[in-house]
Amino acid sequence: MAYLVSHPDEVKIVSKRFGQSAANLDRYLELDGYNAVQKALAMEPDAIIDEVKNSGLRGRGGAGFSAGMKWSFVPKQSAKPKYVLCNGDESEPGTCKDRLIFEHDPHSVIEGVIIAGLAVGSRTGYIYIRGEYRYLSVIMQKAIRDAYSRGFLGKNIFGSGRDFDIYWHGGAGAYEVGEESALMESLEGKRGIPRIRPPFPAVVGLWGGPTVINNAETLASVPHIILGGADWYAKLGPPKNGGTRLFCLSGNVEKPGVYELPMGYNLKKMIYDVGGGIPNGRSLKAVVPGGSSTPCLTADEIDISMDFDSVAKAGSMLGSGGVVVLDDAQCIVKFALRTMQFYQHESCGWCIPCREGTDWLKKTLVRLHSGGGLKKDIDNMQYLSENMLGRTFCPLGDAAAMPTIAFVKKFRKEFEDHLEGRPCPYEKQGVVEQLPVLAH
Amino acid sequence: MKFSDQFEARFAEMLPHYPTKRSALVPTLLYAQDEVGFLSDEVIAELAQRLELTELEVRNVISYYSMLTTRPRGKYNVQVCTNISCLVRGGEDILHHCQKKLGIGNKGTTADGMFTLEEVECIGACSWAPAAQVNYDYHENLTAEKMEEILEKYKSI
């Protein structure tokens, strides 16, 4: 079970029912549960879409695309069934927020899926949960069963004359499946190979039908927007960045944890006030601000507002909300290597720049870290990474290249310090133990 | 081949959830693996037949997902995360400690068939790092001592 933390600066919306046994349906109903769906049932579909658009809710999975806009792309008429797909494949290193939502407030996800369905004219939703989250699948399956037993799902929901079904679906270990088109492939019982776009899922998705795909946190935010109103939600954050975010603070901080803070919260404050600063008298070296795929920020770059646009302006991405803090005892080369080992392992091999690029970069980083690197390796890494950008079906290639470019650019000296057979200055006793290479 | 009643109930419940039979494949494979311990030739043949797929199509899917395995594993699969959040909080030390304690390397199984050790990618326990999963159970905020106690506990049950 995951642990809960608290800080006075938090604005608890998505997390307001955490720790209150809201997985229990009766308890959920006492805490405003299923009021949003009933309100949405009385609204026109376009009014729901406008409300979500105006709230400034942007995709919490990482891309930050306007949720309402995404819904508006679904055609009104469709010969094939339309679907809503909740992405709970949470696998971006540094991210552990959806886990808390599924554990503490599973019905809020169900509500979000139903409301999305009402908005786009779908009557079927799927909640995809990664295979490792077995205990959460059990919680979600029970929540779905309970909702059916009260008539909140199935035929004639809430006596409205409308039908809506939600089904659980489970993964079996694959980062790439978190990408929307690979997620659909996986749900269709295939390898999680990305699809080329266009057509986008909103037009041709699951089994060829129009499909809305949203992250679990995005969908869990929707009922609060329907109840509280778009204006209220939008004003919680800076312009075009409505609401709050579950920030997963991890790494070298005194008080790691998942904190719900308003969009635009200052990163420096997040690390030093909310997270309690760097332990053991160490100082800050770098921060990965939004999961492993986002370019790192140095200690001088952290006085920024944590919203999609400000972090993009600072040359990185708000991503999935995974804030990983590194103290000055961490070796950037090792960190870059572990990041690349991950992407090399997770690359599906469909697109050559990603398949070959991640493998080549990993081998180069292994060599560099063990002291066998050549000076030209450093420039080569930069060149290789830049040539992966934008040349793959899905963003996994970019996700591997972007952080690597930043590590090399911002910490070049550290890479140079590993050259010419020098032992890694950060390894204990100067002994470099090579990372065990994972079998594919 | 025969699966448990629980498996059959789950399978029967899941199939009508999708417009194609094949869609039930990934979760069904994991449930079958939980029961048998690994995806044996027999399991693959059975599921291929039930979902109207070729065995090759089923194997093709199995090889993509890192939790699925066609080789037997120990009773307890010890999965230690060493990805970035765990790395900076000593995840590798936990892995090395397990290697020493169990006397096996990555993806190795102890001679008594009790434990398999695996270095895994992010398991979504970043804020409670370093972390490991034993089968599906999460163990978080680990230290070498805590990990040792955990292994002892599993050994005794």
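In the predicted model described here, Glu132(A) counts as buried because 29 C-beta neighbours lie inside 10 Å of this residue, where a residue is called buried if 20 or more other C-beta atoms lie within 10 Å of its own, exposed if 12 or fewer, and partly exposed in between, with C-beta atoms placed from the backbone. Residues are numbered from 1 along each chain as its sequence is written, while chains are lettered from A and ligands numbered from 1 in the order in which they are written. As this is a predicted model, local features need pLDDT of at least 70 and side-chain atom pairs count only at pLDDT 80 or more, whereas totals for chains, interfaces and linings use all residues.

Glu132(A) is located in the loop that runs between β2 (124-129) and α7 (134-149) of chain A; helices (H or I, at least four residues) and strands (E, at least two) are DSSP runs, numbered from the N terminus. When neighbours within four places in sequence are set aside, the contacts of Glu132(A) are Gly173(A), Ile123(B), Gly124(B) and Gln133(B), two residues being in contact if their C-beta atoms, placed from the backbone, lie within 7 Å. The C-alpha atom of Glu132(A) is separated by 7.1 Å from that of Ala172(A), a residue 40 positions apart from Glu132(A) along the chain.

Chain A is divided into domain 1 (25-234), domain 2 (244-327) and domain 3 (332-430), with bounds that come from an automatic or database domain assignment. The centres of domain 2 and domain 3 of chain A, taken over C-alpha atoms, are separated by 22 Å, and 8 residues of domain 2 of chain A are in contact with 11 residues of domain 3 of chain A. On the side of domain 2 of chain A that touches domain 3 of chain A, the residues divide into 4 nonpolar, 4 polar and no charged; in this classification Ala, Val, Leu, Ile, Met, Phe, Trp, Tyr, Cys and Pro count as nonpolar, Asp, Glu, Lys and Arg as charged, and the others, Gly among them, as polar.

Helix packing in chain A was examined for α13(A). The axes of helix α13 (residues 332-346) and helix α14 (residues 352-369) of chain A come within 9 Å and cross at roughly 150°, the axes being lines fitted to C-alpha atoms, for helices over the stretch in contact, and the angles running from 0 to 180 degrees between N-to-C directions. This crossing makes α13(A) roughly antiparallel to α14(A), since angles under 35 degrees count as roughly parallel, over 145 as roughly antiparallel, 65 to 115 as roughly perpendicular and the rest as oblique. Residues that make the contact include Leu337(A) and Gln344(A) of α13(A) and Leu361(A) and Leu365(A) of α14(A), and by class the contact of α13(A) with α14(A) has 9 nonpolar, 4 polar and 3 charged residues.

The axes of α13(A) and helix α16 (residues 396-410) of chain A come within 10 Å and cross at roughly 170°, which makes α13(A) roughly antiparallel to α16(A). Among the residues that make this contact are Ile332(A), Thr339(A) and Glu346(A) of α13(A), together with Leu396(A), Pro403(A) and Phe407(A) of α16(A). The residues of the contact of α13(A) with α16(A) divide into 9 nonpolar, 2 polar and 1 charged.

The secondary structure of chain B comprises 7 helices and 4 strands, which follow the pattern α-α-α-α-β-α-α-β-β-β-α along the sequence. Along the principal axes, the C-alpha atoms of chain B fill a box of roughly 50 × 35 × 25 Å, and of the 157 residues in chain B, 42% are buried. The domain assignment of chain B gives domain 1 (5-62) and domain 2 (76-156), whose C-alpha centres lie 29 Å apart.

Between the two chains, the contact takes 40 residues from chain B and 53 residues from chain A. On the side of chain B that touches chain A, α2, α4 (55-62) and α5 (84-87) each supply at least two residues, and α2(B) gives the most, with 5 residues. By class, this side of chain B has 22 nonpolar, 13 polar and 5 charged residues.

Tyr31(B) lies in helix α2 (residues 25-36) of chain B and counts as partly exposed because 19 C-beta neighbours lie inside 10 Å. Apart from neighbours within four places in sequence, Tyr31(B) is in contact with Phe7(B) and Arg10(B).
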